Amino acid sequence: MSKRRYLPLLALSAAALASVFTARLLVEQVETRTLASVEEVLFTENAEFAQAAIDGTHVTLLGTAPDEATRFATLSAVGRVVAPDRIIDEMTVAASTRIAPPDFSLELLRNADGISLIGLVPADMDSDSLGAELAGLGPVSNMVETADFPIPGRWLGAVGYALEAAAEIPRAKISVTPQSVHISALTDSAAEKTALETRLRRTAPAGVAVTLDIAAPRPAITPFLLRFTLDDRGARFDACAAETEAGRARILAAAAETGAPRETTCVLGLGAPSQNWAEAATLGIRAVAALGGGVVTLSDADVTLVGREDTNAALFERVAAEFEADLPAVFSLTSTLPRPEAPRPGIFDPNLTRFTATLSPEGLVQLRGHVTDTIRKEVTATMAKAMFGAPNVYSATTVAEDVPEGWSVRVLAGLEALGHLHNGSVTITPEFMRIGGRTGVEDGPAEIAGLLARRLPEESDLRLDVTYDPILDPATALPTPEECYARIDAIQAEGKITFEPGSSQIAAEAEAIMDRIAQVLVDCSHVEFEIAGHTDNQGREVMNLNLSQARADAVLAALSERRILTGNLVARGYGEAMPIADNSTAEGREANRRISFTAPTPPVTSPTAETETGDPQ
């Protein structure tokens, strides 16, 4: 075949190849432009989860959309730049997750201007009722929002506890979560602070973490007093005052170095004679430690260092001199090394000048020893009878002419100190004065030390051995709710509250029972009670419900007449709904007709009460 015959074939093949190449080039250009347009749409729609793949004229969308609405919006957006019939949707939707409930919380703010409620609570709780429960305490600003989620466990208990606390504390900030309640409050005194903390801890709901930040204004302490003792019983403060947190920490650290307990308290107050009070106190504590025992007392700017009777004289002089040289300006030191006490031949030696006063746990007082003259003898006995009650005082004092100067002042100051004790004794000799015993007031030892510091000369050898016993403290001795319920149950086990037949009039024979229950409620004013009325099943159910409520109300009214505060009491009638015995017998019906004092419980579903008469219960 000649070359002329191949030329047309070659030209035709070349044209075909050029056409195929051109077509492929056009397809690639279309795919590139389409992919760019789709990716621009995905970027504009913030659909970062989606990826696009191009295959000729078709676009495949891949990826996992967070929800169905986002998937559809992405598909629609891409459909604006690519014909919908050219889109292959292979996107998936993430599995839906349950929406977690919000963090419910409530904050109550109360001050002289009223009460503010802020927070987020469950919708089923009825936020309006929160303000209604506090409406009697002043204007209520209710800014509580709600969310339609179930009420968390322990939430109602925590909120109820917070509302009760807010009703009791005039100045408070209370923060509530389902697991915790934090109460910040300001009280008028340290005693009120202690009592409030005790009540709040006793009534805290189970399973809820309660933290208290109760503050009291710093008292003005007069005299500003610190008394530190180191003896055979160890190191301790009979009284401790500090003006700043830093100063208190410094004093307690110095005491801890001598072996004083870490939980030792030191009252913050106003009235320190110098900004160097903590330095002077620290020097005194270290001086006592250097002596191996003794007492240092700082009463305002007067400092007294008393060594032990067995202290080496040369050592005492050196330590006292160094202490005096290091004391900051303003403070003045008096140092004393007592001589050994003369042995006593018996309990009381009439030939030895001495005065003793003893107070028994039962409140009986005995006075023995020497007084200055017959007038002082009468004054001493009269003062004791006024303090402790005339029937409780036995006086057997005698007149001695050789008593030292200031003897009567020491005797009267000792009696005054004895009045701060639950039981104890006062011993006065020419050389020293000793006060020992127990008190139920936490600051009792400091009060006695301050009293004697004001009454006695600064050089007096005062020996304090007063201990605080929590068992005697009225605040810590408050009965628990369980103890209160048990006391009333015990009274009613001996004789129940009864009523006139068919009425809510308390029977005359039940008045003594009511008196005894009222006395228990005086000690249990910090406990919530439900006065529950119950009947037997004789008569109509609605009538029984009415009667039980009327009787519970009558008991509440009778307690109010006995001057019992009723803010912690609620009266509720249950009718025949809660029997404790068989109603088919007379004995069982009598047992079911009762009034009980229990912890408050949610209302029981029962018939609607209405005025109706029926058979007597």
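Predicted model: local features only at pLDDT ≥ 70, side-chain atom pairs only at ≥ 80, totals over all residues.
Trainee: In the six-stranded open sheet, which strands stand at the edges?
Mentor: The six strands of this open sheet follow the order β8-β7-β6-β9-β10-β11, and their pairing is mixed. Each edge strand has a single partner strand, so one side of each is left without a neighbour in the sheet. The strands in that position are β8 (140–147) and β11 (209–215).

Trainee: In which sense do β9 and β10 pair, and which residue of β10 is the bridge partner of V176?
Mentor: Strand β9 covers residues 172–176 and strand β10 covers residues 180–186, and five bridges pair them in the antiparallel sense. Within β10, the bridge partner of V176 is V181.

Trainee: Which helix packs on this sheet touching β10 and β11, with a direction that makes about 170° with that of β11?
Mentor: Helix α4 (residues 155–168) packs on the sheet and touches β6 (105–111), β7 (114–122), β9, β10 and β11, but its direction makes about 5° with that of β6. The helix that touches β10 and β11 and makes about 170° with the direction of β11 spans residues 190–202, and it is α5.

Trainee: Which element gives the most to the largest nonpolar core?
Mentor: The largest nonpolar core has 37 residues, and those with the most contacts inside it are L226, F228, I251, L298 and L305. Among the elements that give two or more residues to this core are β12 (225–231), α6 (245–257), α7 (277–291) and α8 (313–326). With eight residues, the element that gives the most is α7.

Trainee: How far apart are the end C-alpha atoms of α6, and what span should its 13 residues have?
Mentor: The buried residues of α6 are G247, I251, A254, A255 and A256, and what covers them includes β12, β13, β14 and α7. At 1.5 Å a residue, the 13 residues of α6 should span 18 Å, and this agrees with the distance between its end C-alpha atoms, which is 19 Å.

Trainee: Where is the cis peptide bond that involves P223, and what is its omega?
Mentor: Most peptide bonds are trans. P223 is found in the loop between β11 and β12. The cis bond joins T222 and P223, with an omega of about -10°.

Trainee: Is D300 buried or partly exposed?
Mentor: D300 has its place in the loop between β16 and β17, and its phi is positive, about 55°, although D300 is not a glycine. Its relative accessible area is 29%, which lies between the 20% under which a residue is buried and the 50% over which a residue is exposed. D300 is therefore partly exposed.

Trainee: Is V330 buried or exposed?
Mentor: V330 lies in the loop between α8 and β18 (332–336), and its phi is near 95°, a positive value in a residue other than glycine. The relative accessible area of V330 is 53%, and because a residue over 50% counts as exposed, V330 is exposed.

Trainee: Which helix lies across β25, β26 and β27?
Mentor: These three strands form an open sheet in the order β26-β25-β27, with mixed pairing, and the edge strands are β26 (569–573) and β27 (594–598). Strand β25 (residues 529–534) pairs with β26 in the parallel sense over five bridges, and G533 stands opposite G573 in β26. Helix α12 (residues 481–494) packs on the sheet touching β25 and β27. The helix that lies across β25, β26 and β27, running at about 160° to β26, covers residues 541–561 and is α14.

Conventions: Residues numbered from 1 in each chain as written. Heavy atoms only, no water. Pairing = 2+ DSSP bridges. Helix = DSSP H or I, 4+ residues; strand = E, 2+ residues; numbered from the N terminus. Contact = heavy atoms within 4.5 Å. Axes fitted to C-alpha atoms, helices over the stretch in contact; angles between N-to-C directions. Core = buried A, V, L, I, M, F, W, Y, C linked by side-chain atoms within 4.5 Å. Buried < 20%, exposed > 50% of the residue type's maximum accessible area, 1.4 Å probe, protein only. Expected span 1.5 Å × (residues − 1).
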